[in-house]
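User: I am new to this structure and would like to learn how to read its features. Could you take me through them, with the general idea before each case?

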Amino acid sequence: MQDGLSIITTHVNADFDAMASMLAAQKLYPEARVVFPGSQDKNLRNFFIKTMVYLLNIADINNIDFTKIVRLILVDTRQSRRIGKFAEILDKPGLQIHIYDHHPVVAGDIQGHHEVLHLTGATVTILTEIIKARGIEISQDEATIMCLGIYEDTGSFTFSSTTERDFKAAAYLLGQGANLNIVADLIAREITPEQVGILNDMIQGAVPYNIKGLEVVLTTVKTDHYVPDFAFLVHKMINMENLNAIFALALMENKIYVVGRSRISDLDAGAVLRCLGGGGHASAASATVREKTLAQTEQELIQILHDTAKSSRRAENLMSAPAITVNTETICADASVLLNRYSINALVVVDTLKTKIRLKGYITRQIIEKALYHRLGDVPVHEYMNTDMAIVQPEAPLFEIQEKIITNKQRIMPVVKNNRILGVITRTDLLNTLVQQPENRRSGAIDQTDHQLNVRSRNIVNLMRERLSNRLLDMLKDIGRTADELDYGAYVVGGFVRDMFLNRTNEDIDIVIEGDGIKFARRYARIVHGRIHTHAKFGTAVVIFPDGYKVDVASARMEYYTYPAALPIVEMSSIKLDLYRRDFSINTLAVRLNNKWFGTLIDFFSAQKDIKEKVVRILHNLSFVEDPTRVFRAIRFEQRFRFTIGKLTVRLIENAVRMNFFKRLSGKRVFTELKLILEEENPPSAFSRLDDFKLLQAIHPSIRFKDELADLFASIKKVLVWYDLLFLSDAHEKWVVYFLALFRHIKNPENMREVFMRLELMPRYQRLFSRERIQADRYLRWLAQHMPVKNSVLSNRLATFKIELVLYMMAVTPDKKIKQRISYYLTHLRHFRISLTGSDLKDMGIEPGPVYRQIFDSVLGARLDGIIRTRKGELDFARQFIQQSLS
């Protein structure tokens, strides 16, 4: 570096992150001078004076010769209006500018010759990573100050701008001796009586504004002198009042301090206050205004909010699609069927002329029920429909929707564009949106009044990067890009997303497409050079990669059931209704994959809450009526995740059993669900739950999961765990071993045949569970009578049984010695191979034929019994066997 001054500086009104970043920058530029460009927070000044003046090579800005500055190191800012007098030298020829910042890029940012820019929660996080990577030593005091910067700028890791990197940087600093007691004292500072008074004035003066459907609170205060920690008071207020967004203006002396906090993605606090000359993040920002009145600044801020805010609460985001419609000539009885089929309370009435569909009105469940009560089921709906109906465009904001639904006392409002009905918004949709779907709504089942619920969404890209492999992440991005090309919505849904939150490995990707899923699958398969299998009836496809990896693709759809336990009838739909058809709330999470919204988590049914509370809940009260197999899945998920089944869900299971809906299930569907349960980690507990709900008796009255069968299942679990830990290459089906025990428990042959028939078992399974199992039981009795037996005898006999039968025998025998012998067979005898080959026998002059098998069996038996131990012994034994055979 040429001779001259290197200056480290930050923004005016420097906070702890700015101070900590300057300290960290000095570790990277030890020859540089640290200069504050203007005033600092009073709390910061007091801390600085008391503890850290010795750590910094600090200089007063008034003593700096600006003509000698050759390098300017900016930390925690890159806006010229925020660096005071240093802005005057930005155009100086030969000046090197180095920038370290964590704020979002905005127009007019200073351009540096060296830039390190990352969207972390704090700038000092970025510098800490560099210090760690370079192996630069820091003292305990330095680590404490740097840690303080991270804690303050992330709100003690509670701000939405906090990243995984901030946690890791703080952990590193803690390892370097950072004193969290000091950090806590400064972060959790006490409020002075004067600050309490100002906070009270802020709360009393709070005024809510409706900004494009978003509730934003503005508050103003005045004081004739500077009061420190105004941003801290705003942070206190947003937490105390549980606000989504607040902008506080404080006139102190001759300046107006503006602090903004936002918890909603549609309102970027940083973007708002940049318009007032300030800056910050989407969730937290500040600005200082001079030479304007408080009223003037407030009005300007309100206008900026209207210009800047984005509202996702528009008709197109709130509507349910597609709209369920009836023709004007549809009779009331048929309309009633539709209302019940889709569990809705109103129908849109249309008139179809050739290819055109015209909106005519709507009819409610109340009207239909009254018509049926008065025996008017054969009358067309147009006779009783409501024709006085308001509509909205898809871009309509929330306040317009609210005004039209309330003013017109309208139960359902169509969303229309170019005379095409895109969807509908119900009164329940509006209510859920306005009250933000309070938590007590989830105390029971999802209300089935309408399909749409208020959606909770947030971006989880960082979580995806942390928990998914690079291959999976790239695959999901490719899926999103392919969907963009077709103008389709694309989502990864269900168990894959659920298990990502539970931090469980799951590479079974289920994709839902808002559009033609098969068309999407064909295009995506071409991109990945794969092939596809399609199922046109259900709008589904499987994309098979060259290495055999599979991705399931489905068109967003909704289902209805013609009678309890029937297979569903499928119709095209949107992601909202597609998720609503699923079994349990924990399986309704979706992540959007389109490039613009990649990583946006969508949660219509409070799935995150249920995952956190470890509860399995159904989505609506008729769920088990429509598909009783969901009961088996509820138990399977409960046991797999160690969750509990919700109280209402338990009651509905008991109702389904009492009403005997299971009798309509095909045997194959019941058998499949039992297999899946028995492939889980803990089948004994799952079967105990099945017995609690009397579901085993629904299969056959003779099945009880009591002492003997429960003990058998526990023993099988131990044996299977032991066998899996051997890491042998043998494929085995766990469920088969448990089923063998289940049929051992059924003593009566007639009962056994009835169970075979109920489960629709294939003949090979019937043979396995009856004749072959009985043979295994007989051999166990033979072993008990002839112990000890030679290895060769044991191996020859056990080799005739399938591996599942061998494991079954090891589990059910009460004799420890027999268990040990079967264990020895599995670990030492089963895969033992002799070295003698056919070539060896040819060299001995023996012609190939059945005698080869006799020789091999005899040599193997001798090796297993320890009669011979080497290859030479095998060759000698073979020659001896041949001579004895010839003689």
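User: How are two packed helices described, and at what angle do the axes of helix H1 and helix H4 cross?

Analyst: This is a predicted model. Two packed helices are described by the angle between their axes and by the distance between those axes. Here the axes of H1 (residues 16–28) and H4 (residues 140–153) cross at roughly 140 degrees and come within 8 Å. H1 and H4 are therefore oblique to each other, and H1 passes H4 in a left-handed crossing.

User: Which residues of H1 and H4 meet?

Analyst: From H1, the residues are Phe16, Asp17, Met19, Ala20, Leu23, Ala24 and Lys27. They meet Glu142, Ile145, Met146, Leu148, Gly149, Glu152 and Asp153 in H4. The residues of this contact divide into eight nonpolar, one polar and five charged.

User: How do strands pair, and in what order do the six strands of the open sheet lie?

Analyst: Strands of a sheet pair through backbone hydrogen bonds, in either a parallel or an antiparallel sense. The open sheet has the order E6-E7-E8-E9-E11-E10, with mixed pairing. Its edge strands are E6 (207–211) and E10 (279–280), each of which pairs on one side only. Within the sheet, E7 (residues 214–223) and E8 (residues 245–252) pair in the parallel sense over seven bridges, and Lys222 stands opposite Leu251 in E8. Helix H7 (residues 193–204) packs on the sheet and touches E7 and E8. The direction of H7 makes about 135 degrees with that of E7.

User: What does Tyr209 touch?

Analyst: Tyr209 is found in strand E6. Its contacts, not counting residues up to four places away in sequence, are Leu214, Glu215, Val216, Leu218, Glu298 and Ile302. Tyr209 and Ile302 are 93 residues apart in sequence, while their C-alpha atoms are 8.7 Å apart in space. Tyr209 is partly exposed, with a relative accessible area of 24%.

User: How many bridges join strand E15 to strand E16?

Analyst: Six bridges join E15 (residues 412–417) to E16 (residues 420–426), and the two strands run antiparallel. Val415 has Gly423 in E16 as its bridge partner. E15 and E16 form a hairpin with two residues between them, and Asn418 in the turn has a positive phi of about 55 degrees. Five of the six residues of E15 are buried, so E15 is largely enclosed by the rest of the structure.

User: How should I read backbone angles, and where is Glu291 found?

Analyst: Most residues other than glycine have a negative phi, and most peptide bonds are trans. Glu291 has a positive phi of about 60 degrees although it is not a glycine. Glu291 is found in the loop between strand E11 (284–290) and helix H10 (294–308), and at 82% relative accessibility it counts as exposed. Glu253 also has a positive phi, near 55 degrees; its place is in the loop between E8 and strand E9 (255–262).

User: Which residue does a cis peptide bond join to Pro322?

Analyst: That residue is Ala321, and omega is about -5 degrees. Pro322 lies in the loop between helix H11 (315–318) and strand E12 (325–327). The peptide bond from Met787 to Pro788 is cis as well, with omega near -5 degrees. Pro788 lies in the loop between helix H31 (763–786) and helix H32 (791–798).

How values were computed
Residues numbered from 1 in each chain as written. Predicted model: local features only at pLDDT ≥ 70, side-chain atom pairs only at ≥ 80, totals over all residues. Heavy atoms only, no water. Axes fitted to C-alpha atoms, helices over the stretch in contact; angles between N-to-C directions. Helix = DSSP H or I, 4+ residues; strand = E, 2+ residues; numbered from the N terminus. Parallel < 35°, antiparallel > 145°, perpendicular 65-115°, else oblique. Left-handed = near helix turned anticlockwise from the far one by under 90°. Contact = heavy atoms within 4.5 Å. Nonpolar A, V, L, I, M, F, W, Y, C, P; charged D, E, K, R; others polar. Buried < 20%, exposed > 50% of the residue type's maximum accessible area, 1.4 Å probe, protein only. Pairing = 2+ DSSP bridges.
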